[in-house]
Amino acid sequence: MFKGNIVSAILAVSENNVIGSDGDLPWRLSNDLKWFKKNTLNKPMIMGRKTFQSLPGILPNRTHIILTRDPSFQGEGNPVATTMEQALEIAAKDANEKSVSEIMIIGGGEIYKLFADQIDRYYLTRVHTELDGDTFFGPLAEASWRETFQEVHRTSERDDFPHTFRILERKTE
Ligand SMILES: NC(=O)c1ccc[n+]([C@@H]2O[C@H](COP(=O)([O-])OP(=O)(O)OC[C@H]3O[C@@H](n4cnc5c(N)ncnc54)[C@H](OP(=O)(O)O)[C@@H]3O)[C@@H](O)[C@H]2O)c1
C-alpha cells in the first residue's frame with residue numbers, strides 16, 4: 001500500500017521467466033494487450049525509461065510516470081521521477097485526482113525488481129512457452145501469494161502461444 005492505494009504490477013512472463021528481448025516483447029499476444037488495457041485504464045502507470053521508449057506511443061487515458069536516473073530526461077510531457085518514492089508520490093496524487101485507488105507498475109525488469117517489496121497484487125500472464133530473451137522476472141515465491149483469479153487461453157490467429165491470466169494477492173500474515 002502507498003498512501004491508501006494498492007500497488008500492483010502487471011506483466012507477461014514465459015515458462016522460463018523471460019519478459020523481454022532486444023528492447024521489446026518476445027511474442028505477439030493480442031489477448032494480453034486487451035487484458036493490459038482493461039487493468040490499467042484510468043490508473044497511473046509507473047515504468048522504467050527503457051519500457052517507456054519501447055511503447056508504440058502514449059497509451060490513452062493513463063498517466064505515464066517515467067523513472068530514470070537522468071534528471072534532464074524529457075518525457076514528452078509525461079511526469080518524470082528519479083526515485084521510487086518520487087514516482088509513487090506522483091502516482092498517488094494522480095490516483096487521488098482520478099478517484100482510483102490502484103497504482104500500476106508496468107515494467108520492465110529493473111523496475112519490477114526495484115518495486116518488489118511494495119507490490120500488493122500481481123496481474124501475471126503466464127505465457128506457456130520457453131524462449132530466448134535478455135530480460136527476466138522472478139520466479140515469485142508462490143507461498144507468499146494467494147491466487148484470486150485464473151483464466152486459460154489457447155493459441156489463436158492473433159495469439160502466438162497459449163497463456164493464463166492470473167491475479168495474485170500478497171498474503172498478509
Ligand atoms: N513482458 C512484460 O510484461 C514486459 C513489461 C514491460 C517491459 N517489458 C520488456 O522489458 C524490457 C525493458 O526492461 P529493462 O529492465 O531493460 O528496463 P526498464 O526496467 O524498463 O527501465 C530501466 C531504466 O529505468 C531507470 N531506473 C532503473 N532503476 C532506477 C532507479 N532505482 N532510480 C531511477 N531510475 C531507475 C533507468 O533509466 P535511465 O537509464 O534513463 O537512468 C534504467 O535504465 C523490454 O524488452 C520490454 O519490452 C516486458
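View 1. T164 is buried, with a relative accessible area of 6%; buried means under 20% relative accessible area, exposed over 50%, and partly exposed in between (1.4 Å probe, protein chains only). This is a predicted model, in which local features need pLDDT of at least 70 and side-chain atom pairs count only at pLDDT 80 or more, while totals for chains, interfaces and linings use all residues. Residues are numbered from 1 along each chain as its sequence is written, and side-chain values use heavy atoms, with hydrogens and water left out. You will find T164 in strand 10; helices (H or I, at least four residues) and strands (E, at least two) are DSSP runs, numbered from the N terminus. The side chains of T164 and H128 make a polar contact of 2.6 Å. A polar contact is a pair of N or O atoms within 3.5 Å; within protein, one must be able to donate a hydrogen and the other to accept it, and residues adjacent in sequence count only if both atoms are side-chain atoms.

**View 2. R170, also in strand 10.** R170 belongs to strand 10, which covers residues 163-170. With a relative accessible area of 33%, R170 is partly exposed. Look for D120 here: 50 residues separate D120 and R170 along the chain, but their C-alpha atoms are 5.3 Å apart.

View 3. The ligand is surrounded by 26 residues, and the closest are A12, R49, T51, T68 and R69; a residue is near a molecule if one of its heavy atoms lies within 4 Å of it. Ten residues of the shell are nonpolar, eleven polar and five charged. Here Ala, Val, Leu, Ile, Met, Phe, Trp, Tyr, Cys and Pro count as nonpolar, Asp, Glu, Lys and Arg as charged, and the others, Gly among them, as polar. Helix 4 gives the largest share of the shell, five residues.

View 4. A backbone N or O atom of I19 lies 3.0 Å from a ligand nitrogen atom. For K50, a backbone N or O atom is 3.5 Å from an oxygen atom of the ligand. G108 also brings a backbone N or O atom to 3.0 Å from a ligand oxygen atom. Of the 940 Å² of accessible area that the ligand has on its own, the protein covers 86%; accessible areas come from the Shrake-Rupley method with a 1.4 Å probe.

**View 5. T63 with two side-chain partners.** T63 sits in the loop between helix 2 and strand 4 (64-67). Its relative accessibility is 16%, so T63 counts as buried. The T63 side chain makes polar contacts with the side chain of D94 at 2.8 Å and with that of K98 at 2.9 Å.

**View 6. Two cis peptide bonds.** The bond from G107 to G108 is cis, with omega near 0°, and G108 is in the loop between strand 6 (102-105) and helix 4. Another cis peptide bond joins G138 and P139, with omega about 5°. P139 lies in the loop between strand 8 (135-136) and strand 9 (145-153).

View 7. Most residues other than glycine have a negative phi. N17, not a glycine, has a positive phi of about 70°; N17 is in the loop between strand 1 and strand 2 and, at 19% relative accessibility, counts as buried. N42 has a positive phi near 70°, and its place is in the loop between helix 1 (30-40) and strand 3 (45-48). N42 is partly exposed, with a relative accessible area of 40%.
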